[in-house]
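Please look over the sequence and the structure shown below before reading on. The report that follows goes from the overall form to individual residue pairs.

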Amino acid sequence: SIQIYADEVNAIQAVEELAEEIQMPLGVMTYSIAIVMGLTVFFVYRLHVMDRYTEWCLYRSLGYSERQVYSLAFREFGICMGLSIGLAAVISVVLCFTGGLFMRRKGMFYEYLLPEVLFQIVAIGILLSGIMQIPVVVAMKKVKTIDAMEEE
């Protein structure tokens, strides 16, 4: 009984030490991936915004206000973001469930929900969503009517 308890305490201590050692590399990896992915998505989205510039000028020529055109662009962004988050959630649930099954077969327990990691993901997502609005706002300031574009 005493030996089993001592083994349990030693095992818990070993796992805690390993968890502390792995937190730093995981943090670096998480933020590095977020930065690279964010920059990539930013530049791709910027190209998308440049492709839509003439369409937004046409909307302005038809009498839409700058705010209405921005609202259309923001709704499109929201729909794309919502679909992306939904697809990512479905894929994550499937992968976590599958990973949990494989780990249970090996006798390991799998933690499905990590609140601190979920908070990091949400915070990074909000930050990236805000950054994605910069090219749209800059483009909206340059949007003119078709008549004004032809005069230049």
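How many helices and how many strands does the chain have? The chain has 4 helices and 0 strands, where helices (H or I, at least four residues) and strands (E, at least two) are DSSP runs numbered from the N terminus.

## Basis of the model

This is a predicted model, in which local features need pLDDT of at least 70 and side-chain atom pairs count only at pLDDT 80 or more, while totals for chains, interfaces and linings use all residues. Residues are numbered from 1 along each chain as its sequence is written, and side-chain values use heavy atoms, with hydrogens and water left out.

## Overall form

Read from the N terminus, the elements of the chain run α-α-α-α. The radius of gyration of the chain is 24 Å, well over the 15 Å that the globule rule gives for 152 residues, so the chain is more spread out than a compact globule; the radius is taken over C-alpha atoms, and the rule is 2.2 Å times the number of residues to the power 0.38. Along its principal axes, the C-alpha trace spans about 90 × 25 × 20 Å.

Among contacts (heavy atoms within 4.5 Å) between residues at least 6 apart in sequence, 78% join residues at least 24 apart.

## Surface and charge

Of the 152 residues in the chain, 15% are buried; here buried means under 20% relative accessible area, exposed means over 50%, and partly exposed lies in between, with a 1.4 Å probe and protein chains only. The chain exposes about 11900 Å², of which carbon and sulfur atoms supply 70%, the areas coming from the Shrake-Rupley method with a 1.4 Å probe and, for residues, with only the protein chains shown counting as cover.

There are 11 positive and 16 negative side chains, and the centres of the two sets lie 10 Å apart. In this count Lys and Arg are positive and Asp and Glu negative, with His and the chain ends not counted, and each charge is placed at NZ of Lys, CZ of Arg, CG of Asp or CD of Glu.

## A salt-bridge network at Arg52

A search of the whole structure finds 3 salt bridges, each defined as a side-chain nitrogen of Lys or Arg within 4 Å of a carboxyl oxygen of Asp or Glu. Arg52, Glu55 and Glu76 are linked in a network of such bridges. Arg52 pairs with Glu55, their closest N and O atoms being 2.6 Å apart, and both residues lie in helix H1 (residues 2-61), 3 residues apart, about one turn of the helix.

Arg52 also meets Glu76 in a salt bridge, at 2.4 Å from N to O. Arg52 lies in helix H1 and Glu76 in helix H2 (residues 66-105), so this pair ties together parts that are 24 residues apart in sequence. Arg52 counts as buried at 16% relative accessibility, whereas Glu55 is partly exposed at 28% and Glu76 is partly exposed at 25%.

## Helix H3 and its partners

Lys141 forms a salt bridge with Glu66, the closest N and O atoms being 3.4 Å apart. Because Lys141 lies in helix H3 (residues 115-142) and Glu66 in helix H2, the pair ties together parts that are 75 residues apart in sequence. Lys141 counts as exposed, at 60% relative accessibility, and Glu66 as partly exposed, with a relative accessible area of 32%.

Val122 also has its place in helix H3 and is partly exposed at 43% relative accessibility. The C-alpha atoms of Val122 and Gly78 are separated by 15 Å, the two residues being 44 residues apart along the chain.
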